[in-house]
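Look over the model first, then read on.

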Number of protein chains: 2
Amino acid sequence: MGLGIEDIAKARERIQKLVRKTPLLMSTQLNNWLGHDIYFKAENFQKIGAFKARGACNTLAWLQENGEFPKHIVANSSGNHAQAVAYAASTMGIPASIFMPAYSSTVKIQATRAYGAEVILSETRDITDHKVREAAAEKGTYWIPPYNHEHVICGQGTSAFEVFQDLDGVDAIFAPCGGGGLLSGTLLASRGLSPKTQVIGVEPLQANDAAESLRSGSIQRLSGVPDTLADGAMTMAVGDITFEYLKQLDGFHEITEEQMIYWTQWLSHLLKCRVEPTSAMVMDGVCKWLKGAKSRKKVVVILSGGNVDQQTTLKIWAKDHLQQLPQEMR
Amino acid sequence: MGLGIEDIAKARERIQKLVRKTPLLMSTQLNNWLGHDIYFKAENFQKIGAFKARGACNTLAWLQENGEFPKHIVANSSGNHAQAVAYAASTMGIPASIFMPAYSSTVKIQATRAYGAEVILSETRDITDHKVREAAAEKGTYWIPPYNHEHVICGQGTSAFEVFQDLDGVDAIFAPCGGGGLLSGTLLASRGLSPKTQVIGVEPLQANDAAESLRSGSIQRLSGVPDTLADGAMTMAVGDITFEYLKQLDGFHEITEEQMIYWTQWLSHLLKCRVEPTSAMVMDGVCKWLKGAKSRKKVVVILSGGNVDQQTTLKIWAKDHLQQLPQEMR
């Protein structure tokens with residue numbers, strides 16, 4: 001099926017009571033420094049601390065609407081999707097089993113358990129993926145994949161949908177790229193509600209399977225667990241559904257770890273938010289895109305999440321980047 | 001003059017366009033763990049990242065209202081008050097000189113300068129205090145002190161004023177104690193709008209001049225720069241005006257550095273906010289107060305600010321406290 005804006009609108013209606021309408025944040029100081037207006041759609045204040053709650057809730061609510069309510073939910077994820085499915089399942093009273101790689105951040109494992117889900121840890125992502133496939137074969141079990149799924153995509157698109165209900169004249173909207181679910185949904189919402197807005201993806205250079213896929217025209221897989229602080233963008237490959245949407249993006253940027261850390265510090269400081277490196281890296285893409293802009297631009301950044309564990313926090317703050325002002329990044 | 005609720009109401013009206021109405025945050029997970037309802041008045045989202053913007057703006061707006069608008073503003077502070085005065089002065093177009101001890105956090109010094117104020121650094125707090133006194137003697141110069149001043153107190157009280165406009169049935173409201181300005185204003189607002197609410201102060205054990213003053217019945221000074229991460233509570237002594245209000249508090253708690261760090265991590269994680277240790281330590285006072293509570297309580301915590309530099313961030317996150325759930329702190 002070809003998804004359209006009406007599918008995002010229906011998803012928005014479906015999940016309205018299950019998720020939060022997240023705020024749009026601004027920093028006057030950042031806008032003065034950059035000379036443009038940047039709005040941050042704060043999905044770190046979403047239920048479970050990330051946009052992923054939207055896709056999981058939409059999928060379960062859609063199943064319920066269509067009389068296909070499962071007896072058991074399973075999912076595989078290294079983090080935010082795990083919590084999202086655990087949250088959605090607990091809200092709707094269905095038992096959930098979540099398969100996670102052991103390298104997942106402890107706060108994400110802990111939170112998934114706190115929502116009442118059973119957590120099964122495996123050594124690698126591949127074993128995790130194998131186990132969830134086995135579990136999903138059981139009768140009455142429904143597997144909610146992290147991104148390559150139409151109802152997940154439509155759920156994620158409700159974030160941009162809310163943005164365009166509140167803001168017009170947006171020149172560009174940026175989101176990070178993991179498996180491509182958030183970007184696919186963002187593209188659908190943008191093309192439907194604000195067709196002049198450019199939709200731009202951002203990915204860590206250290207985990208640039210999507211950029212490589214876009215360059216080569218076919219889906220490329222990472223060869224091993226990538227060495228990046230952006231744990232939300234560590235997916236091994238985009239999906240066949242999301243790839244079709246990613247091809248329609250107006251731009252795509254690859255970000256170094258140094259730039260990612262720089263912006264994680266600065267967005268934490270300016271917005272007074274806990275921000276995942278996966279979310280903050282997007283700002284470097286914004287700066288690249290703004291270079292050479294002749295007029296004041298209105299830009300939206302989807303701050304995808306705020307779940308950061310202690311080890312990652314120490315890595316982010318090891319060096320002081322707050323000494324170098326963002327105006328020097330123009 | 002005896003201050004009353006009408007003074008807080010007037011302050012609220014006076015500064016309405018200059019400061020933000022900050023949101024009330026909640027964490028469902030924290031409330032489940034503690035078995036009570038905790039609301040956080042998020043002054044970290046206030047202009048300059050702390051409640052101090054309220055007092056500085058109220059003082060300048062009051063001077064303007066009374067035809068006593070100065071030509072030059074001076075202030076002495078190790079941090080948030082410095083930024084607050086710089087912000088208020090720039091908003092109203094008056095030049096400002098801020099005297100800060102050199103140990104002040106770099107992000108606070110930098111932000112004070114970014115608001116256009118001249119910053120004069122001195123080696124110790126005492127030299128800073130001496131220099132500001134000299135500068136204030138110049139004609140046409142007005143000195144906004146950090147806490148021991150009626151219009152500063154009334155400005156700070158507008159935070160609790162907003163709380164009681166939005167919430168009723170609050171059993172207790174908690175705030176940190178530095179010089180006592182925030183607590184004095186909070187007491188005035190609470191007694192006026194919600195007389196049954198207990199007003200409770202919290203101070204680091206390592207900088208417990210207020211607790212010592214309350215025990216002895218007279219103002220006690222710290223003997224040297226205190227060794228605490230709560231830089232907002234490092235004031236050497238409370239003031240004669242604020243001490244009179246502090247005596248009327250319904251409770252007062254002293255917090256260890258370990259507990260302060262524990263709650264800074266957990267509030268950052270649960271609320272997805274950048275929170276100063278000075279603000280987060282209050283939660284330990286809340287837990288102590290809740291011990292033995294027989295019914296579900298409604299508690300408000302004033303999260304005073306969110307300005308934390310890189311060095312302090314590293315100290316906060318050196319050890320992983322997120323492994324121990326808050327329910328074990330009950």
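A contact means heavy atoms within 4.5 Å. Residues 24 or more positions apart make up 74% of the contacts in chain A with a separation of 6 or more.

This is a predicted model, in which local features need pLDDT of at least 70 and side-chain atom pairs pLDDT 80 or more, while totals for chains, interfaces and linings use all residues. Residues are numbered from 1 along each chain as its sequence is written, chains are lettered from A in the order written, and side-chain values use heavy atoms, without hydrogens and water.

Chain A holds 14 helices and 10 strands. These are DSSP runs: H or I of at least four residues for helices, E of at least two for strands. The C-alpha trace spans about 60 × 40 × 40 Å along its principal axes. In chain A, 65% of the 330 residues count as buried, that is, under 20% relative accessible area with a 1.4 Å probe, protein chains only.

Charges come next. Lys and Arg count as positive, Asp and Glu as negative; His and chain ends are left out. Each charge is placed at NZ of Lys, CZ of Arg, CG of Asp or CD of Glu.

| Side chains of chain A | Count |
|---|---|
| Positive side chains | 33 side chains |
| Negative side chains | 34 side chains |

The centres of the two sets lie 5 Å apart.

Chain A also meets chain B. Each gives 33 residues to the contact. About 2600 Å² is buried between them, 54% of it from carbon and sulfur atoms. K272(A), Q310(A) and W317(A) supply 26% of the area that chain A buries against chain B, more than any other three residues. Buried area is the accessible area (1.4 Å probe) that two parts lose on being put together, summed over both.

Conventions. Buried means under 20% relative accessible area, exposed over 50%, partly exposed in between (1.4 Å probe, protein chains only).
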